[in-house]
Amino acid sequence: AVNYFIDGYFSEINNTIEILAANEEIQNAPWLDVSERQRVLDLLKSFTEINNNISFIYAGYRNKELLINDYIPPEGFNPTIRPWYQAAMDVKPLLSTGVPYQEIKSKEWLFSTSKALYSTKRGYTGVISCDSSIETVMSQLQNTGYIYKSSYSFVSKPGGEIILHPNTSYLSDNISEIMVNTLDLNETEGTLRYRINNKGHLVFYSRSRETNWVIWTVVDENEIIKAIILQIAFWILLTGVLALLLGLGQSIMLSRRFSTPLFELRKKVKAIINGTKEANPDYQYPGNEIGIIAREVALLTEQELYARSRELEQLNTLLEQKNEELKISSAIDKLTGLYNRRQLDSDIERERRQALRHKTKFSVIMFDIDWFKKINDKYGHQTGDSILKEIALLLKNNLRSIDIPGRWGGEEFLILCPQTDLKAAEELGIRICSVIANHHFAIAEHITISVGIAELSEQEDVDELIKRADANLYTAKHQGKNTVVATPKKKS
């Protein structure tokens, strides 16, 4: 019963903090104007008013500002050094649940449930937190001893440190200092027996799913033994039946009123976030306060997730467009619109491997414009750029569909000729040489090119192939320009 109470008590608070931490205005409150900050305060106030277990909801920021309703912090108050703030930052982006701390003005002990605020623009900006009274949980622990007079309950952290106990002298002690037994607190629940001053005790412990606390219930062993000896079998049986029925009724009541709606909400929110099918889609929330809040939280989650999904889709589309543009721009020469040298290097290596693998022919045609430097000096670089563009257009219009033209650098061009031997490449080079020589450019000069051609030989690498084409181009220059030179590789 205590475990159900604590789970139900903190599940509602945890869900509230998760919703508020996702609010962009709360994440960026220090940078909002007065009206926007007031809207944030009104939102915090509305969540406080709908939950009687919440004393305050507030947000502290890395610039030491505190956003809170109906409370004036003491002079020099710095939220970033408070336990609730540091606990949330230590476990970010997870939720910090049920951290006990002492209020700085009233000295009242409170539970703080908090979560670090993360803004996509500014990173971690602060912490959203809410306070709930320790007295509420303590009263539930103290009301559990109705079966055995000696029974009492207390709460510890997973590591064994006691944080709630009817006897305050045990606070901050460790379970191992009280119980001799070696405990495995990784178990969800269990029972054990220990002795203090020759007095035996029986203990039942279970772990809270919402806070990860360990809830302990202790009873004197002698009280149980005496009850068994003194009671007649009939009364033992009757008491057991009544206790079972009462416990079952209380469990069902608590489950229907508090736990089940919250557990169903938790499963629904998880299904929405993960995009999976709900385990119990036909479940109807009850008409009480818990059911109303659960329905509102589920609706808010769906709306927020839909909005986030749309934003991500738009962002992905934009990124794909930018990636495609970058991919194209990195492969294309901006002036001519042909492939640049970087892309040509990649394509030459690819075509070389295919030619060797399939045992097909592969040739390259390298040419540059004759007397291009004189043209630039005489007419200017803009005219030179115009000639380069015209030659690029002539290549696009006169090459075969399988040929891959590109600008090698400056006034130098390179054409990849897949499935083409030296003779066919030479014929293509002669045709290109003729097309350019007979074309009427925008200047009075007669534009010609010199061409060098090389065919890939077996096991030849790219550098050797390009060097042979470049050497043939050099020969064409010395033979009077406007010439095509295509010589096979000399046999070693």
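Lys64 is exposed, with a relative accessible area of 51%. The cut-off for that word is over 50%. This is a predicted model. Lys64 sits in the loop between strand 1 (56–61) and strand 2 (66–68). Its phi is positive, about 75°, although Lys64 is not a glycine. Most residues other than glycine have a negative phi, and most peptide bonds are trans.

Gln419 lies in the loop between strand 13 and helix 13 (422–437). Gln419 is exposed, with a relative accessible area of 63%. The other place concerns a peptide bond. From Lys92 to Pro93 the bond is cis, with omega near 5°. Pro93 belongs to the loop between helix 4 (83–91) and strand 3 (95–102).

Now turn to a strand. Thr125 is part of strand 5 (residues 123–133). Is Thr125 buried or exposed? Its relative accessibility is 0%, so Thr125 counts as buried. Which residues does Thr125 touch, leaving out those up to four places away in sequence? They are Gln27, Trp31, Tyr61, Arg62, Tyr85, Leu117 and Ser119.

Next come the charged pairs. Side chains of opposite charge can pair when their charged atoms come close. The whole structure holds 17 salt bridges. One of them joins Lys115 to Glu18, with the closest N and O atoms 3.7 Å apart. Lys115 lies in strand 4 (residues 109–119) and Glu18 in helix 1 (residues 2–21), so this pair ties together parts that are 97 residues apart in sequence. Lys115 is buried, at a relative accessible area of 13%. Glu18 is partly exposed, at 36%.

A salt bridge also links Asp333 and Arg407, whose closest N and O atoms are 3.4 Å apart. Asp333 is in the loop between helix 9 (289–331) and helix 10 (341–358), while Arg407 is in strand 12 (residues 404–409), so the pair ties together parts 74 residues apart in sequence. Both Asp333 and Arg407 are buried.

Lys477 and Asp368 meet in a salt bridge too, at 2.7 Å from N to O. Here Lys477 comes from helix 14 (residues 462–478) and Asp368 from strand 11 (residues 362–369), distant parts of the chain 109 residues apart. Lys477 and Asp368 are both buried. Elsewhere, salt bridges that share partners join Asp347, Arg350 and Glu351 into one network.

An α-helix has 3.6 residues a turn, so residues three or four places apart point the same way.

Helix 11 (residues 372–379) and helix 12 (residues 381–398) meet at an angle of about 135°, with axes 6 Å apart. That angle makes helix 11 oblique to helix 12. From helix 11, the contact uses Phe372, Ile375, Asn376 and Tyr379. From helix 12 come His381, Thr383, Gly384, Ile387 and Leu388. By class, this contact has five nonpolar, four polar and no charged residues.

Terms used:
Residues are numbered from 1 along each chain as its sequence is written. This is a predicted model: local features need pLDDT of at least 70, side-chain atom pairs count only at pLDDT 80 or more; totals for chains, interfaces and linings use all residues. Side-chain values use heavy atoms; hydrogens and water are left out. Helices (H or I, at least four residues) and strands (E, at least two) are DSSP runs, numbered from the N terminus. Buried means under 20% relative accessible area, exposed over 50%, partly exposed in between (1.4 Å probe, protein chains only). Contact means heavy atoms within 4.5 Å. Axes are lines fitted to C-alpha atoms, for helices over the stretch in contact, and angles run from 0 to 180 degrees between N-to-C directions. Angles under 35 degrees count as roughly parallel, over 145 as roughly antiparallel, 65 to 115 as roughly perpendicular and the rest as oblique. Ala, Val, Leu, Ile, Met, Phe, Trp, Tyr, Cys and Pro count as nonpolar, Asp, Glu, Lys and Arg as charged, and the others, Gly among them, as polar. A salt bridge is a side-chain nitrogen of Lys or Arg within 4 Å of a carboxyl oxygen of Asp or Glu.
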